[in-house]
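Here is a short report on one protein chain. The sequence and the model come before the details.

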Amino acid sequence: TRHEEVVRAALPGGVVASVRAEPAASAAGMPGVSITAAGAELANVKGWTILAGRFLDEPDVRGRARVAVLSSDVQRRTGRKPGDVVDIGRDPFLIVGVVETGGTPEDGVWSTTGERVFIPHSTPGSWHEDPADVLRADALLARPASGVDSGSALAAAVSALASPPESLTGIEPVTASALSRRARELQRSIAWAAGGMAALSLLLGGAVLGSLMAASVAGRVTEI
């Protein structure tokens, strides 16, 4: 997404990935599995281990490829593997990898844990009512370069998004320590960040906290 590129430019050497829940999508033969649209760097940001094949990459995102990566628990339950095809909505997606995801229930609205199928955030699906849906993000997850203070990196990312030409307002930055504290206090969360990773909510206005059980986000930012 455009905002993903803005934050990446503000964090030299860092990695950034967008995340968007796809509550209207479902995978055939995989009941209860959540579909998550993601940027190519999500596995690197989260520090996940690739168990088979690969994760999404930039050519997938640029080409709006119909490829998918399974979380390891989905692979174990269904027996699906790289090279197989899974129908998501009415669209066939080629499985290209299996990833061991990490995290805790505090991931909340933008959870990337549990049984999930990851697809490129740019790929349109039969479940999208508005073509602009692929230009939206629920959150940006970022990990600064080694040796860079996470607080300084977060401030630089927020500044870049708030400055022209983006001029975003109401940005809700979240660090690992702050999120953990708020999750304990409110039993709610925005996103989970670990190992120096930071999350930037792109929700504008209104309440930004969502129930841990929420399946979608009511408001999202449209990328221009």
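In which loop is Arg 64 found? Arg 64 is found in the loop between H3 and strand S4 (67–71). Helices (H or I, at least four residues) and strands (E, at least two) are DSSP runs, numbered from the N terminus.

This is a predicted model, in which local features need pLDDT of at least 70 and side-chain atom pairs count only at pLDDT 80 or more, while totals for chains, interfaces and linings use all residues. Residues are numbered from 1 along each chain as its sequence is written, and side-chain values use heavy atoms, with hydrogens and water left out.

## Backbone exceptions

Most residues other than glycine have a negative phi, and most peptide bonds are trans. Arg 64 has a positive phi, near 50°, and is not a glycine. Its relative accessible area is 45%, so Arg 64 is partly exposed. Buried means under 20% relative accessible area, exposed over 50%, and partly exposed in between (1.4 Å probe, protein chains only).

The peptide bond between Pro 164 and Pro 165 is cis, with omega about 5°. Pro 165 sits in the loop between H5 and strand S10 (172–175).

## Overall make-up

The protein has six helices and 14 strands. Of its 224 residues, 49% count as buried. Contact means heavy atoms within 4.5 Å. Among contacts between residues at least 6 apart in sequence, 72% join residues at least 24 apart.

## Aromatic pairs

A search of the whole structure finds four aromatic pairs. Rings of Phe, Tyr and Trp (its six-membered ring) pair if their centres lie within 6.5 Å; planes under 30 degrees apart count as stacked, over 60 as edge-to-face and the rest as tilted. Two of the pairs are listed here.

| Pair | Centre to centre | Angle between planes | Class |
|---|---|---|---|
| Phe 55 and Phe 118 | 5.9 Å | 55° | tilted |
| Phe 93 and Trp 127 | 6.4 Å | 35° | tilted |

Phe 55 lies in the loop between strand S3 (49–53) and helix H3 (58–62), and Phe 118 lies in strand S7 (residues 116–120), so this pair ties together parts that are 63 residues apart in sequence. Phe 55 and Phe 118 are both buried. Ring pairs also link Trp 48, Phe 55 and Phe 118 into a cluster.

What does the pair of Phe 93 and Trp 127 tie together? Phe 93 lies in strand S6 (residues 91–100) and Trp 127 in the loop between S7 and strand S8 (136–137), so the pair ties together parts that are 34 residues apart in sequence. Phe 93 is buried, at 0% relative accessibility. Trp 127 is buried too, with a relative accessible area of 11%.

## Around Phe 93

Val 67 lies in strand S4. Val 67 counts as buried, at 8% relative accessibility. Leaving aside neighbours within four places in sequence, Val 67 is in contact with Leu 56, Asp 60, Phe 93, Leu 94, Val 96, Phe 118, Ile 119 and Pro 120.

Ala 27 lies in the loop between strand S1 (15–21) and strand S2 (34–38). It counts as buried, at 8% relative accessibility. Ala 27 and Phe 93 are 66 residues apart in sequence, yet 9.5 Å apart in space, C-alpha to C-alpha. Beyond its neighbours within four places in sequence, Ala 27 is in contact with Ile 35, Val 86, Asp 87 and Ile 88.

## Helix packing

How do H1 and H5 pack? Helix H1 (residues 2–10) and helix H5 (residues 150–162) pack at an angle of about 135°, with their axes 8 Å apart. Axes are lines fitted to C-alpha atoms, for helices over the stretch in contact, and angles run from 0 to 180 degrees between N-to-C directions. H1 and H5 are therefore oblique to each other. Angles under 35 degrees count as roughly parallel, over 145 as roughly antiparallel, 65 to 115 as roughly perpendicular and the rest as oblique.

H1 contributes His 3, Val 6, Val 7 and Ala 10 to the contact, and H5 contributes Ala 156, Ala 157, Ala 160 and Leu 161.
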